[in-house]
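Subject: Structure for you to look at

Hello,

Here is the structure I said I would pass on. My notes on what was found in it follow below.

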Amino acid sequence: MVIRLNAIKARLLPHGWLDVFRQFLLLGLAYLGYTIVRGLVEGRASSAFQHARDVINLERTLHVFVEPSIQAWAASSHLLMTTTSWMYLNAQTSVTLGALAYLYVVHNRSFYFVRNTFVIAMALALVAYYVFPTAPPRFFPEWGFIDSVSAFTRIHTSTSSLNGALGPSLNPSKLVNLYAAVPSMHVAFSLMIAWPLVRLSRWRIVRLLWALYPLLITFVIIVTANHFLIDAFLGVVTTAISAWGAMWLARARPHAWRFTGIAPAHVGASG
């Protein structure tokens with residue numbers, strides 16, 4: 001029994017409790033960074049709305065301003081809107097944290113490369129949120145957007161809520177960064193977990209599902225009017241830069257920070 005418990009501990013904690021604490025500490029620092037930036041941009045609503053209008057104008061110039069049409073099509077299905085709203089609220093945390101935990105336990109040698117990618121991406125996003133705060137599409141009903149997440153949660157995060165519509169004890173600006181549209185970290189997070197899991201998974205169907213996951217998240221953020229297409233594109237760019245940065249860091253500690261697990265190309269659906 002003792003031997004079995006030690007084996008389970010070695011499997012779940014390959015580097016001991018201290019290493020697990022380090023990973024939680026990094027997540028805590030990332031949350032602290034979000035909190036600080038949220039406070040810094042809270043009083044810059046005018047800039048955030050102007051930046052959003054700039055994004056709309058750019059997309060119209062490029063003839064890619066299709067978000068209102070996509071949401072209008074999806075709005076005909078209550079089930080679809082409810083599902084995408086639920087996914088927007090939960091995928092960023094539950095799926096991402098679950099995937100990171102899986103990587104830590106099952107593919108620990110590759111976990112630290114993915115972790116470094118996340119850390120770099122979060123740092124880039126925090127700079128972007130401060131330099132270029134941008135209001136999400138849901139704040140522009142004049143363009144036909146609706147706030148499906150607010151309808152789903154019954155908690156309104158529109159600008160009217162900032163004037164105390166929910167009362168002094170529940171101001172949504174204290175709960176979320178309302179102007180963190182650029183880049184879309186929903187898309188960035190989905191890519192940063194999907195790419196390694198596609199590389200590491202031995203089952204073809206699992207690789208296919210993870211390959212489709214970023215596309216699903218992109219659809220979710222558009223349908224719920226939380227991001228523009230340009231936000232999604234910049235989320236991809238953020239991921240690419242962060243992966244390059246993680247590769248550069250891996251040169252300093254190749255045995256610890258290098259992405260090592262690559263699923264063999266000949267492995268089929270049977271694993």
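What percentage of the 271 residues in the protein do buried residues make up? The share is 44%, where buried means under 20% relative accessible area, exposed means over 50%, and partly exposed is in between, for a 1.4 Å probe and protein chains only.

Before the details, note that this is a predicted model, in which local features need pLDDT of at least 70, side-chain atom pairs count only at pLDDT 80 or more, and totals for chains, interfaces and linings use all residues. Residues are numbered from 1 along each chain as its sequence is written, and side-chain values use heavy atoms, with hydrogens and water left out.

Overall layout

The protein has 11 helices and zero strands. Both kinds of element are DSSP runs numbered from the N terminus: helices are H or I with at least four residues, and strands are E with at least two. Contact means heavy atoms within 4.5 Å. Of the contacts in the protein with a separation of 6 or more, 82% are between residues 24 or more positions apart.

The nonpolar cores

A nonpolar core is a set of buried Ala, Val, Leu, Ile, Met, Phe, Trp, Tyr and Cys residues joined through side-chain atoms within 4.5 Å. The largest one has 41 residues, and the members that touch the most others are Phe118, Met185, Trp210 and Ile221. At least two residues of this core come from each of helix H2 (16-41), helix H5 (78-106), helix H6 (108-131), H8, H9 and H10. H6 gives the most, with 10 residues. Another core lies apart from it and has 15 residues, including Phe140, Phe145, Phe228 and Ile230. As general background, nonpolar side chains tend to be buried together in soluble globular proteins.

Which residues does Ile221 contact, leaving aside its neighbours within four places in sequence? They are Tyr88, Ser184, His186, Val187, Asn226, His227 and Ala232. Gln92, found in helix H5, is buried because its relative accessible area is 18%. With neighbours within four places left aside in the same way, Gln92 is in contact with Met87, Met185, His186 and Phe189.

Helix H9

The 20 residues of H9 should span 28 Å at 1.5 Å a residue, and the end C-alpha atoms are 29 Å apart, which agrees. The expected span is 1.5 Å times one less than the number of residues. H9 has a kink of about 30° at Tyr213, shortly before the proline Pro214. The bend at a residue is the angle between axes fitted to the seven residues ending there and the seven starting there. Among the buried residues of H9 are Arg207, Trp210, Tyr213 and Pro214. Tyr213 has a relative accessible area of 10%.

Aromatic pairs

Rings of Phe, Tyr and Trp (its six-membered ring) pair if their centres lie within 6.5 Å; planes under 30 degrees apart count as stacked, over 60 as edge-to-face and the rest as tilted. The count by this rule is 16 aromatic pairs. One of them is Tyr104 with Tyr112, an edge-to-face pair at 6.4 Å centre to centre with 70° between the planes. Both of these tyrosines, Tyr104 and Tyr112, are buried. Trp210 and Tyr213 are also a pair: the ring centres are 5.5 Å apart and the planes are at 80°, so the pair is edge-to-face. Trp210 and Tyr213 are three residues apart in helix H9, and therefore separated by about one helical turn. Phe49, Phe139, Phe140 and Tyr179 form one aromatic cluster.

The salt bridge

How many salt bridges does a search of the whole structure find? It finds one, a salt bridge being a side-chain nitrogen of Lys or Arg within 4 Å of a carboxyl oxygen of Asp or Glu. The side chains involved are those of Asp147 and Arg138, at 3.6 Å from N to O. Asp147 and Arg138 are both buried.

Backbone details

The peptide bond from Val182 to Pro183 is cis, with omega near -5°. Pro183 is in the loop between helix H7 (148-153) and helix H8 (185-200).

His63 has phi near 60° and sits in the loop between helix H3 (45-61) and helix H4 (67-74). Ala225 has a phi of about 60° and is in the loop between helix H9 (204-223) and helix H10 (229-250). Are these residues buried or exposed? His63 counts as exposed, at 71% relative accessibility, while Ala225 is buried, at 0%.

Regards
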